[in-house]
Amino acid sequence: MLRVDDVEVRFGGVQALKGVSLEVPDAALVGLIGPNGAGKTTLFNVITGLEKPSRGRVLMADQDVTSLPPHQRARRGLGRTFQRIEVFSSLTVHENVLAAAEARRSWGKDEPEPARSASELLERVGLRDVEHERVDKLPTGLLRLVEVARALASRPRLLLLDEPGSGLSTHESEALGDLLVDLVRDGRSILLVEHDVELVMRVCQQIHVLDFGSIIATGTPDEVQRDPAVQAAYLGTSAA
Amino acid sequence: MTTFLALSITGLVVGCIYALTACGLVVTYTTSGVFNFAHGAIGMVAAFTYWQLSVGWGWPAPLAFLAVLLVLAPLFGAVVERVLIRPLYGAPIGVTLVATLGLLVTLLGVGFLVWPPDTTRVLPKFFEGHTITVFSLVVDYNQLLVIVTSVAVAVGLRLFFSRTRLGIAMRAVVDDPELAALAGTKPERVSQLSWAMGASLAALAGVLLAPLQTLNVTELTLLVINGYAAAMAGRLRNLPATVAGALVIGVSSSLVLGYAGPQVVNYVRPAIPMILLFIAVLFLKQERLRAGSLAGLRMPRTTGLRQSVGVGVVFVVVAGVVSGQLSPAHLAIGSQGLVLAFVMLSLVLLSGYGGQVSLCQLTFAGLGAYAMGKTGGGALGLLAAIALPAAAGALVALTVVRLRGLFLALATLAFAQAMDQIFFNNALGYGGTLAIPRPRLPFVDTADDQVYFVLLAVVLAVGSVGLLVLRRRAFGRRLIALNDSPAASATMGVSPVRTRLVVFTLSSAVAGLGGALLGGLHGSVSPNDFLLLNSCVLLLLATLGGLYTPTGAFLAAMSYALFPELQKLVPELGQVQFLLTGLGVLALGRNRYGVGGQLADAGEKLRALRLQRVGVARAAG
């Protein structure tokens, strides 16, 4: 579904990503973890087209999308949420999701009725009770769910989630995990950035670990947990 | 060859003055991050102050010169920074833009108040009568002074920023204010200093420019604004490129004066700096979409369809009843307010919902009036009054739509000013007028002023309800979404450029229709009806009224229409619309939602209270 090929990003003299390559297969839930500042969000920005890489390519369904602007990548089936929340603060919860469903209808074919699909999505992420509230009245955790619902309203084939679980209660986080598993079962691919390691280990089939702009480990949850380089990156001991 | 050299020297002198004003802008902008739209007006007030001291009160010229440049101007800049700018750091561009535009029109108001235009004021040239001859070319001392001063300032600034501790600290603040603060620099102090320096440079430009022509409040302000193009040549950062840009503008304008035909000299030459400004803005790279740049705005809740239609009907009925009671003079004021409110709806759409700044809405209104006048009215005229500005709007949008914030404001400013000079002065004639017929309708005598008043009320009501309907539909949501978070909108497949193009075109069409109706109200229009500075006043008033609601547009337009009446009451207040608007903005500009927003908020609270009461009553029952 997604292939990132040798991507490099520089901010002035700082190399934020150093030749990162990874793949997200069809209908797979892949985790991307790493300490703060490792470059996870930068990689998301490169994949969605908000950041231009100084080297490397991004391929979706085997097609090179590196030179496409963000909205065209979205139309090819790419959706995302943001680590720093980007909801539409003047709109209600329902309108936030509705706007995305309407946008999808304007460029998609045979779309379902936007208002109904927005309500269904809100039901699915558990926000039906607050759908007519303005989003600026909601706590952060719920805003992340608004973003998830909004991203789903574009009916993406590949979903990039940037810390959707932060700010959620244990119960909510479990429900989120179940939702993600469901989505993948429906045929979507998900790349998940998450600090809640428990959640990542529970739901992801494969995990990439990013540290200082490089992938230092890739494997199943068990393999990654046992990897000495990963332990070093997280615990700060020498990898040698 | 001698002519060429003489023209080049004249151009060089003007270019040097542009360089001074542009350097002032760049210094303030790079250090404080705020583009000072009032820069030109500061130069104007400084020139008048210099006239007051030296000619009016008979101070020796050098003393007056030093007092203005080294004491009054820097003091003014420092005070402006402390009072107006400092509370706005980190505020979105829309807010700082409105604040400095507010300062611009306030200073214009002060200029008209203190130095009424009924007296001719002339500043003698420096070293009047002294000349030197270089290669058979006569250069007067005044020209020489300008060139020498400019070179000295350019070199001085360069040394200041590269060699002195303070200059380096200023550059550090630009790069990272927080880091600079950790290193012991006080960012506020540095920024205040930059405003003092900027004001001083604006003053120097104004004082040097003034002897080259008669003192005129608007002309002097606009001339200094020409320097903005040079500042853009240096992308608001690079001082050497800024100076080079200024010289190119000065010399090319002067050469055109010498060699081009009279048409070009009259209409195109005054617009050259603005054309260059427009071009410089076009060469800017497209701004990247950024995540994490939320506007943090909270627009008032929109009223439901039934409620807004109800209000619209009541509005029209009240207008019908009131129209019978009003004297012809009051009817004219009311009609003016109604039609301007309609023009301002275009700003609610573009700036309020779409988040785009435009300083050229009256230009589109003018195009609408022009189309109506040229086609002779009727249905075809109305159609043309919508189509021509829409087409022009689309064309402008195609070139500027990738810009946002400050650069969009500068591009629309350049467009408005260039259109004033090239198109309206040419098509309508300097001081000329174009007859504009009123639209003809079956069974309605639009020639009757009372009927026209009611018709305008109907048009405004329909326009407002239409706008609210649009806001509640998919396109409205898309606009608000794009305004709230461009990055998130793009990642759900919305093309930011296309959406902005559509809204810009639509808003130009609304402004154009309003312009045609405005022309019909007065029976004619002149170039003075669509001036850039009036567009600025319109934007500011709309901001004061509240950019997010038709109510705000109505309140703003009514106050604009009442200005001439106020003027009659207090003729000594000069151009009262500038002073009052400016002071209003300076006082209230920090409230982004304006008066209309406050009303909407109050309505919201009442609604909540009522719901609560109903709830309590039910619980009790």
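How many bridges join strand 1 of chain A to strand 2 of chain A, and in which direction do the two strands run relative to each other?

## Strand pairing in chain A

In this predicted model, strand 1 (residues 2–11) of chain A is joined to strand 2 (residues 14–24) of chain A by 7 bridges, and the two strands run antiparallel. Together, strand 1 and strand 2 of chain A form a hairpin that has 2 residues between the strands, and in the turn Gly12(A) has a positive phi of about 60 degrees.

## A buried leucine in chain A

Leu192(A) is found in strand 8 (residues 189–193) of chain A. A residue is counted as buried when 20 or more other C-beta atoms lie within 10 Å of its own, and Leu192(A), with 25 C-beta neighbours inside 10 Å, therefore counts as buried.

When residues up to four places away in sequence are left out, Leu192(A) touches Leu29(A), Val30(A), Gly31(A), Leu32(A), Leu161(A), Leu180(A), Val200(A) and Cys204(A). Between Leu192(A) and Val14(A) there are 178 residues of separation in sequence and 25 Å in space, taken from C-alpha to C-alpha.

## Where the chains touch

The contact between the chains takes 27 residues from chain A and 23 residues from chain B. On the side of chain A that touches chain B, the elements that give two or more residues are helix 1 (40–48), helix 2 (70–75), strand 6 (78–80) and helix 3 (93–107) of chain A. Helix 3 of chain A gives the most, with 8 residues, and the residues on this side of chain A divide into 11 nonpolar, 7 polar and 9 charged.

## The overall form of chain B

Chain B contains 26 helices and 4 strands. Its radius of gyration is 25 Å, close to the 25 Å that the globule rule gives for 621 residues, so chain B is as compact as a globular protein of that length. Taken along the principal axes, the C-alpha atoms of chain B fill a box of roughly 90 × 60 × 50 Å.

Of the 621 residues of chain B, 54% count as buried. Among the contacts in chain B between residues at least 6 apart in sequence, 80% join residues that are at least 24 apart.

Note on methods: Residues are numbered from 1 along each chain as its sequence is written. Chains are lettered from A and ligands numbered from 1 in the order in which they are written. This is a predicted model: local features need pLDDT of at least 70, side-chain atom pairs count only at pLDDT 80 or more; totals for chains, interfaces and linings use all residues. Two residues are in contact if their C-beta atoms, placed from the backbone, lie within 7 Å. Ala, Val, Leu, Ile, Met, Phe, Trp, Tyr, Cys and Pro count as nonpolar, Asp, Glu, Lys and Arg as charged, and the others, Gly among them, as polar. The radius of gyration is taken over C-alpha atoms; the globule rule is 2.2 Å times the number of residues to the power 0.38. A residue is buried if 20 or more other C-beta atoms lie within 10 Å of its own, exposed if 12 or fewer, and partly exposed in between; C-beta atoms are placed from the backbone. Two strands pair if DSSP finds at least two bridges between them.
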